[in-house]
Every structure is written in C-alpha cells, then in structure tokens.
Amino acid sequence: MSAGILLQIAQTLLAILLAPLLLGWTNQCRAWLQGRGAPPITQPYRNLRRLFHKDAVIAHNASPLFRFAPYMKFACMALAAGIVPMIANDLPFSPAADAIALVGVFALARVFLALAAMDIGTAFGSLGARREMLVAFLAEPALLMVFFTASLISQSTALPQIVATLAHKEFAIYPSLAFAGVAFWMVSVAENARIPVDNPTTHLELTMIHEAMILEYSARHLALIEWAVALKLFTYSALGIALFLPWGIAPAGNYGALPLALLALFAKLAVGGFALAFLEAINAKVRLFRVPEFLGTAFLLAVLGMLVHFLLEA
Amino acid sequence: MTLPLSIDLLMLAALFWLLLGVAGLVLAPRRPGVSKPVFLLGAAIGVLVGVTALAFLGSGPETAVLLIGLPDLPFHLRLDNLSAVFALLLGFAAAGISLYAAGYFHLGGESPPGTLGLAYHLFLASMLMVLLADDAYAFMVAWELMALSSYFLVTTDHKIPEIRQAGFLYLLMAHVGAISLLLCFGVLQGGEVGNMNGYTFGSMRQAQMTPFWSSVAFLLALFGFGAKAGLVPMHVWLPEAHPAAPSPVSALMSGIMLKTAIYGLLRVTFGLLNIQLAWWGTLTLALGLITALYGVIFAAVQSDMKRLLAWSSIENIGIILAGFGLSVIFTADGKGGLAALAMTATLYHAINHAFFKGLLFVGTGSVLHATGTRLMGGLGGLIRFMPWTAWLTLVGVLAIAGLPPLNGFVSEWLLLQAFLFTPGLHQNYLNMVIPIAAATVALAAALAAYVMVKFYGVIFLGQPRDPSLVKAREAGWLQRLGMLWLAAGCVLLGLVPALVVDEIAPAVKQLTGQVLVTQGNWLLLAPVNADRASYAPLIFFVVVLAVLGLVFFAVRRLYHGRVRRADPWDCGYPEQTARMQDSAEGFGQPIRQVFETFMRVERETPDPFERKPQYQGASLDQIWFLVYQPIARMVDWLSAQVGRIQHGRIQWYLIYSFATLIFLLVWTR
C-alpha cells in the first residue's frame, strides 16, 4: 500500500515535471515540419521560469475568483494526471475517481477558467469563455462516450481496470474501439486547443478561443495556466495511450516492469507528439461555426462506437 | 409513556404550519414585524419534518385515519419509506427557504405579508399532506390545496398584468392535470360500484387489473403528474409562473412542488399498480430525455435570470424522469439490481435538485431585491458588492452544472452508471436505445454547464452594466443564513454520497425490491462493486485541497507574491465600456445558432438610417405555437359555436328547458 502511494506520488510528479517537455517536443517537431528553425526543447521551462519571476499585473476590478482560478486549474490537472495510469496500473488513488469523474475534473477546471475570464469584464474575456463553453458542450459528452465504449468492453469505469482488460486480454480487435479512437483524437484536439479547432500560437480576435480567456493573466498566474495546459496535453496523451495502446504499462504489483514501462511511455509520447505536430502542420484552423460540426462528428463517432459494441461485441 | 409515532409528528407539523399561517394573518395588521418570527418558526417546523422523516426511514409503514372530510369518507394517511424520502426533501429544503423568506418577506412587497404567509404555510402543509395521503380523496384535496395556494403565491404581485396571466396559465394547467389524475384514480379504483373503500390506496393495491387498464392508468398518471412536473410538452406554464412568483416561492415550487409530482408518479407506478410494462419505461425515458434537452437549450437562450432557472428546472425534471423510465425498464425486465441503481439515481437527483435549485432561486431573490431587475442585461459585477450571495450562489452553480465534488455530479454519475451496466436486455431494441439515451444525458449535462457559466458570469462577474449597481446592498443575515443552509446541503450531499444512498435505500427497496450495496464503507460509493466503478468525493476533495495548498505555498515560497493593479488591457482601444461585455443574449448566441430549428426566433434589426437604433431578439417556444395556440383557437371556435344558442332571450331558454324535458320524458320512459 505504502509503495503504491509512493508510486502514485512519483507518477503525478513525473507528469507535472515532464509535461512542458512534451509541449517543447511538439513545438520542435512542428517547427521542423514547417521548415523553420526550432526553439530548444526546453523552451517551455524557460518561459515558465520567466513568468514566475515577473510581477503579477491584475486589473483593478478583479475579484478573488480571478486569482483563485489558475490554482484551481493546476490542481485539477494534477489530479487528472494522478488518475490516469501512465507507467503503473496500481494507483491507490484511482478508486476515488473513475473515468466519469475524470471528465468531471476537466469540466471543473474549464468552468473555473471560463468564469475567471468573465470576471474582468472585457469583451475578449467573455468571448473566450463563450467559445470555450461552446467547444466543451460537444467535446465533453463525446469524451464521455469514448470512455463508455471502453468501459463497456471492460465492464468497468475504473481506469486501471479498463487498462488491465485492454492490455492483458489476447490481442483482440474491437471495431468499437476504432470508432472511439478517432473520436478521442478529435476531442483531444479540441480540448487541448490545438489546430483545427483552436490555435495556441494566435492572438487574433476572430479565431482565438483559449488564448482569449487568459488574456488578462500575467506572471505567476499565467505560468500556472500554461503549465496546466502542458499538463493537460500530457494527461490526454497518456489517456490516449492507456485506452488505445496500453501495452507496456506495468501491471499491479509488478515493480520490475517499471523501467520498461517508463521507456515505453517515452517512446509512445515521442511518437504521439510528432503525430500531433504533423496533423497540425497539414491542417488549417476551421471557422468557429464549423467547430460544432467537427465535434458533432466526434460525438456521433463515439456514439457509433457504443452502438457497434452492442451490435457486434455484446 | 410511548413515543409519538412519526406520522403523528408529521401531521402535527402540517397543523402547526397551518396555525402559523393563520396566526400571521391575524396578527399582521397590528404588528407588521410578526412575519419574521412566523417564517422562522416555519423553518423550525421544516427541520422537525426533515428529522422525523430521517429517523423514520427504514421502519415499517404507519397509518392513521383522520375523521375529517365527508361523512363516511375519512382521510386515510400513511407514512412509508417513499413518503419519508420526499418528506425529508420537503422538510430540509423548506427549512432553508423559510429561513431565507424570514429575511426576505420582512422587507415588504406588493401583497400584505399576512396573506402571503398564510398561502405560503398552507402550501407547505398541503405538500406534506400530498406525501402522506393514502386515499384518492385526501390526495386530491391536498393536491388541489397545493395548486390553489401556490396560485395565490404566484400572483402575489397581482397588479402586473403579465403576472396575472402567468397565474391563469398555471391554474389552467394544474387543473387539466388534476382532471387526468382524477380519471387515473377512477381507473385504479377498478370500477367497482358500491365499494365504499374503493377510493383508498390500500384497496387499489389489492385490485387486480389487466395490462390494458394498467396502461391506461399509467398514461393518465404520466399526463397528470407530467403537467405538474413540467414534462414537455406540458411545460409551458413553468417558465411563466416561476419568474412571476416571489423568489422564495419560486424556490419552493421548483425545488419541492415539482418533486411531489415525481412522488405521485412513483406512488402510482410502483405503489398502486401491480405490473410495470417495459414500454412505459421507454416512453418515459424518451419523454424525459426530450424534456431535458429541450429545457437546457431554452435555458441557454434566456435573458431573464429566473426564467433561465425555470427552464433549467424543466431540464432537471427531464433527467429525473429519464432515471425513472430506466428504472421501469429494468423492473419490467426483471433486473432488480439495476432498477435499484436507476431508482437511487432518480431519488438522489430529486433531493439534489431541491437544494441547488432552491439555493439558486433565493440567490436571484437577493439580486432582485438589491438591484430591482430580473434581466441579466442590466446586471454584472455583483460579486464585488454582494460577496456572500455571489459565493454561495457559486456553490449552487457548480452543483447544478454537475461538477465534482458537489452533489449534482453524484446523481448524474449514478445515472450514467445505470446506463453503463446494462447487460443485454430481453428486448433487443432497448439495447440500441440505451447508448443513445446515455449520450443524450451526457449532452444535457454538458449544456447545463454552459447555461450555468452564462448565468453566473453575466450576473455576478464582469463590470456592472448599469452604474446604479454599485449601490447594490448585500442580503441581510437571515437571507445569508438560509442560503448557507442550502449550500451546506449541496456540499454534504456531494461529499458523503454513500451515507445518503444508505439512507434512501429503504425507499428504493420498497419500490424495486432491491438495494444498492455500499459495502459499509462510507467513504467510497461503489454501486455494484469497487472493481466496476467507484467514486470517493471526500478523498477527491481533500486531494484537490492539498494540491491547491501545496501549489500556493510552493509558488509563494519559491518566488514572490508581488501584485500590481492596472487597467485591463484595452486592445489599443481606450473607450471600452461595460456594454461591450457579452450580454445574456450574446452569450447564448452560439447555442441559438446551433439549435435554431427548435425555436422560433424573432428578430428586429435596426434600419441603417435610424437615429436611435434598437435591436430586439426573442427565442420563443415552438411548442406554444404548434400545440397550444391551435388548441386555444379551437376552444375559442367551439365556444363561439355554443354561443350561438345563447341569445339572452328568456323565451328561447324556456323552449330549451321544455325541449329537454320532453326529450328526457321520451328517452327515459
């Protein structure tokens, strides 16, 4: 039990510390694919350090909610990183929150940030909040449906249980998971504010979603948000790996498999980050009102995945 | 000395509520301040009702006969676990709302506080009697008293024509529903002529009915109770009546009265009918899901804060009815364990909704009192002037948006689990329906978060859209206490779900014959077993707090806490005003655009040459135009036809009587 708790803390810390690295790697890959010189892979760390050292500038009429939201967002993402099995499968904290609660944690972070965005009362903040909630209202149920497909196969909504079932059954092919996989990809693109739904590098008012929400943040608050964004990307990637490529995650109680699991995680994340950069490089951002169509497709695919499960696999 | 029976205590509570109302009425003209202690005592009685029900849960049914009413037709009363769960909800939620009302109505309003206090306490007492009634006669008397007293409460500000109209619509729908209920009890009675006790629920339970007549009774009950609960398409009165009433009354109506309709449906379906057919469940599930989605979409486009909450109540009723439908499907399919899971989710959500919707409605009451407007377009930034109201309302907002670790998440989690654990049902088509239904519930829950961000963000955050808002005053301490009570309910129901599930287990067992196993671990909610699904909100909450604390400490320790205040970034355009924030319409615009087919959108856009350009937009309910207006026109037409034989000349009327007499003499010879 105590070893389990140590492992739990170690995994969460690992995710928090490595998350900016994944972001740096993705940015680097994208720069290569776009044919420009790449920033160093450690650039996100430098940004965080710089931001933490600055003085926070806050609008005159900001309420305590505004200052609280970044901490809340960071805490939620750290919690999410603790729930998802990344390298090991016995996480003592996982019974406290299952896959549905994970969706709830993401929603909690999102609602706090959207409220904080509306707190200052500039046109951009509420615009960002509105767009973010528009993206969320389709992405969230789609994500839930992806989890449902996986949990129908494993007869459990507990993430370690899902991973154990999917990784250790004989190599069975689930057609429902193929649908769910595509839907998950689309949802994770939207939830992490990447192209084609949102562009993390733009500050153009016509297109920005996530950046519009955090426009008023500076210094340590912005650093926490940026870090939480990186952590969210990391957690989503780990989640995708856990659901669709779970091979290599150390089963419960098998500590000898940990080094190999760590290596497998790094390899998969490296490939995943490159794939993300590649898809971003070949796509263009869609218009805002095409986003519901994009996410509606994801939602539909996820529901289809569930139906396919009932039709073919039940 | 023996302890008084729980049912006696509850009857006494109803009596005290009545007496309080009368006392308030009598004393109010001479002592205007008397309404405060009256409402405070009412709150204390609410606590008594809640505690009695809590203590009763798990024991066998108690009955009583009240010798009032018509000769030979006494009132039969009965308290069982189902009644007790709803009495629990009624008592504790009413306690918070009455506490708030003690501060709120004290400030005076349109109606004299005496009459208002009488109607208010009559309303509470009649709702309690609905829960206790054990015969159709007592039930209908209590039901009608409930409708009438709430009608007078809705029309408190009767000098405003819109409010009179809303009250009329409410009364009309209440009576259409009541007729259906009367017919339903008639069917349940079994048509036995001469059976003087046929009207008691006891004899209805004994009656053996064919599936056909059972279905008729169920459909009548669904219509009658659905009209009260706000099931689409009988929901039209709800967005009119709830905003019209004073806020504590809206809280009572939305939080508690809608639940009496759920109680009635449960009572008839699982208590009085001996069989449950799967298609009833499918029908209710479908209607419930349509209601949930329809309600939340319309909530997103409202600009009146109380109307928004009323539509959100429609959504929540839809979710409750979906859970009920699922439970019927499982019962009919012989899957008792799953039926128990769905039923637990249903009851849990009913209790949750009483607390968070009560909290949100009284919160809007404080805002309304401080600012004088219900339109969100004239609000904003109130978190700075009314911090208590704002932060307590935030609890309700997070709870109703279904976010962990508050209570709204628990019931939605349970409901989604019920969908997920569906192992092949016997009817194949149901296996297809379940995933789609689960997707709809998830969609409605996600949209609810959108609605609540809009509600909270536009009212409490941002800059004041009206300069006079700076003078908005915080609610009084009684009002804060009432809100605190309801908010504490939301937090507690969210943090210890395993205990709550254990408490309502006797009612679930009574309805479905099975209970959920909580494995005696009060920290962990695991409806089937911990390997399949589990949720421990208290651990969750502690971990979030710990991480928050650690991060805060680390950031402060390793860096610095320096803060500089400045103007918000103006994008190079210095003339930013508060009117450039999103208005309520603006925030709802994406949803309106996506779901425009469901609503009738009427826009009035200004001419480019107009000096004072005005923009107006309204998203209206299609059902009103497609269903209710044709019915109203038909009624008008019919009465015009009937009016033809009504001349006002005495000779003609004498001829009518004469002809009728002749006709009867010939016919009944």
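**From a surface patch to the interface**

Modeller: Leu12(B), Leu15(B), Phe16(B), Leu18(B) and Leu19(B) make a nonpolar surface patch of about 430 Å². Patches consist of residues with over 30% relative accessible area and no salt bridge, like charges being joined within 9 Å and nonpolar side chains (Val, Leu, Ile, Met, Phe, Trp, Tyr) within 5 Å; areas follow the Shrake-Rupley method with a 1.4 Å probe, and for residues only the protein chains shown count as cover. The model is predicted, with local features requiring pLDDT of at least 70 and side-chain atom pairs pLDDT 80 or more, while totals for chains, interfaces and linings use all residues. Residues are numbered from 1 along each chain as its sequence is written, chains are lettered from A and ligands numbered from 1 in the order in which they are written, and side-chain values use heavy atoms, leaving out hydrogens and water.

Leu18(B) counts as partly exposed because its relative accessibility is 34%, where buried means under 20%, exposed over 50%, and partly exposed in between.

Turning to the interface, 74 residues of chain B are in contact with 77 residues of chain A, contact meaning heavy atoms within 4.5 Å. The two chains bury about 6800 Å² between them, 72% of it on carbon and sulfur atoms; this is the accessible area (1.4 Å probe) that both parts lose on being put together, summed over both. On the side of chain B, Leu420(B), Tyr559(B) and Arg565(B) lose the most area to chain A, together 9% of what that side buries.

There are 25 residue pairs in polar contact between chain B and chain A, both residues being at pLDDT 80 or more. A polar contact is a pair of N or O atoms within 3.5 Å; within protein, one must be able to donate a hydrogen and the other to accept it, and residues adjacent in sequence count only if both atoms are side-chain atoms. The elements of chain B that give two or more residues to this side include α14 (387-400), α15 (407-420) and α19 (537-558). Of the elements of chain B, α16(B) gives the most, with 16 residues.

The chains also share two salt bridges, each a side-chain nitrogen of Lys or Arg within 4 Å of a carboxyl oxygen of Asp or Glu. Side chains of opposite charge can pair when their charged atoms come close. Arg130(A) and Asp582(B) form a salt bridge at 2.5 Å, N to O. This pair crosses from helix α5 of chain A to the loop between β3 and α20 of chain B. Arg130(A) counts as buried because its relative accessibility is 15%, and Asp582(B) is buried too, with a relative accessible area of 8%.

For the surroundings, the structure holds 15 salt bridges over all chains. Arg110(A) and Glu140(A) meet in one of 2.9 Å, N to O. Arg110(A) lies in helix α4 (residues 99-119) and Glu140(A) in helix α5 (residues 123-154) of chain A, so the pair ties together parts that are 30 residues apart in sequence.

Conventions. Buried means under 20% relative accessible area, exposed over 50%, partly exposed in between (1.4 Å probe, protein chains only). Helices (H or I, at least four residues) and strands (E, at least two) are DSSP runs, numbered from the N terminus.
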